[in-house]
Amino acid sequence: MQKKQRLFLSSFLVLAALLVSTISAGFAFAKGQSLNGAHASPPISAKPATAKLVAMHTVDMQSSPAESPKSASHHTALPFLTGVSPSVYAQRKAAAAHAKNAPVLTYGNAPTHSSSNDPNTPPTKTSFQGMADSASICPYFNGCQPPDMAIAASPQWVFQGVNTSYAVYDTSGKIQAGWPKNSQVFFGVPNPPHNCDPHGPFLSDPRALYDVNDGRFWAATLQVEGAFGIAPNCPFQTLYWIGVSQTSDPNGKWNIYAFDMSLGTTNGADYTQVGIDAHAFYFGGNMFNQPGTAYEYDEIFAANKQTMEAGKSVTAFGFSQLSVGGVLVDTVQPVQSEIPSNEGPPDGLFVNTFNMDGDPNGNDCFSSPCSGIVVWAMTRPGTANEKLMGTEVSTSNYLVPPNADQPGCSQCIETIDTRITATPVLANGTISWSIDTAVMNKTQVVPAIFWGQVTPQIANGRLKGAFLYQSGYFGFQGDQDASFGAMMPDQNGNLIMIYDTMSSSLNPSTAYAGRRATFPLGRFHDAGKFLQKGLAPTRNSRWGDYESTSYDGFSTDNIWMASQYSGSNADWATVIGETKFVKV
């Protein structure tokens, strides 16, 4: 965003010398070429891959039907894939509450009311209710959990996605005519063949982005049939549905694309991940075997952005089986660039922490803490001549967190593992990200957030290295949880993080914290403000799986955020807020 940050290589060289610890440089490789030239341990590798385009059409949102309200009759949990059985995962989460090697949290404050006068976290300019669970919002199961979260905001419109619907509001919170629409209607997804699944297509894990440079809205969701226990009578299918608005108005026509994620296997994609920059739209997923019992590999792709905006046929080129030091990594998140087109790097950027298969040092992330973040750079994104480079940057430790408490039950609300959950954001020369981790506060181990900013060093179109600009732990004393953080900087380097929070005396709520760029590195000023306090303990056990933020443009400099809380009916509801830093 800032013009003074235009040069990624030179912006932080002095600071890098002070902050960087061990940086392990990876190596580049081209599609169709053998891998060579490793310069340091751990080696980084991947295999070229292409996601086949299997459908392309236009959906006119003016003529596609809205949903008819229906109360939820079920609260079915969507498939939750972690690479191990549910029983093993539950054992690991229970053990995390007693982890003696959890990182130590030395402070912790409670958030204040959203209208408080605390100058460091700015008040909301606007806040309003988003979609809530119902049989019409999540029609496949007549109600489902968790919502996941997608938000994309421009100066005129707010576009929200949840499991499994999308809605458009104006910036004062008025829902527009014809919304919400379920995901099948929004993407124009056909029913599975021969009525093999009478519930229709299984769609989940929505994401949304607003492109501040081109003024377009983007949306993505996954479809799975005949895998993970979903639609067992249907032919196997694993697709990503991706849409881009034809204009800056999301109420009009959208260009819709579907890509086959299988790469000719029976492995299915989970946990939609998307990003965007001046050159391409990026997407990726965690690939599991057909039953969903074993993690196989990650895959990432880039498709030419201008081609998709024009509604033309496109090929998504990318890589699969990304590994670092022999460890197959997961949730390699594409980065969303919030930089003017003529100032950003030429490469597509991705980041991941270590998670399902542990880290290259032999740590498994649940009984022994992992560390490190990997920065990937895809040169010539969206072309057959792509190359991929990577570098690992040392960080503090992180560990799978215990589940969260709420009134009436202990460790009963999901807090996920050590993957990056929300879309990372590139602005002011750094990539902002966060994960969940266990921390030891003064009395016990609780779920908390490990957040940070990493600076890629790119020169002449090549990733030369990266360093950790800042990082820190964000959490509470007592049994209060902080989880599912989503970050967004403004053009001056100030940060907003929205997050979920709950405890034995706090219903599942959502809050946001501000961090001014002038504050000492590695800390937020405080816990910020509640965006919405929970109204009752929830009957849901799944929470997350991610929250979302959006940036509406360089001239307005507003940050939008969306998250969930527990409504008065004990089911999930969502809230959308807008804020902006002002001088103090």
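Strands are DSSP runs (E, at least two residues), numbered from the N terminus, and two strands pair if DSSP finds at least two bridges between them.

This is a predicted model: local features need pLDDT of at least 70, side-chain atom pairs count only at pLDDT 80 or more, and totals for chains, interfaces and linings use all residues. Residues are numbered from 1 along each chain as its sequence is written, and side-chain values use heavy atoms, without hydrogens and water.

Five bridges link strand 31 to strand 32 (residues 495–503). Met-487 has Met-497 in strand 32 as its bridge partner.

A further open, antiparallel sheet of four strands runs 7-8-9-10. Two bridges join strand 9 (residues 165–170) to strand 10. Ser-165 stands opposite Asn-182 in strand 10.

The structure holds seven cavities of 30 Å³ or more. On a 1 Å grid over the protein atoms alone, a cavity is a set of points where a 1.4 Å probe fits but cannot get out; lining residues have an atom within 4 Å of a point. Grid points are joined across faces, edges and corners, and a volume is the space filled by probe spheres set on the points.

| Cavity | Volume |
|---|---|
| Largest cavity | about 110 Å³ |
| Second largest cavity | about 70 Å³ |

The largest cavity has 15 lining residues; Ala-208, Thr-423, Glu-547, Ser-548 and Thr-549 lie nearest its centre. Strand 11 gives the most to this lining, three residues. Strand 11 and strand 12 (216–225) each supply at least two residues to the lining of the second largest cavity.

Definitions and conventions: On a 1 Å grid over the protein atoms alone, a cavity is a set of points where a 1.4 Å probe fits but cannot get out, and a pocket is an open set with protein on both sides within 12 Å along at least five of seven lines; lining residues have an atom within 4 Å of a point.
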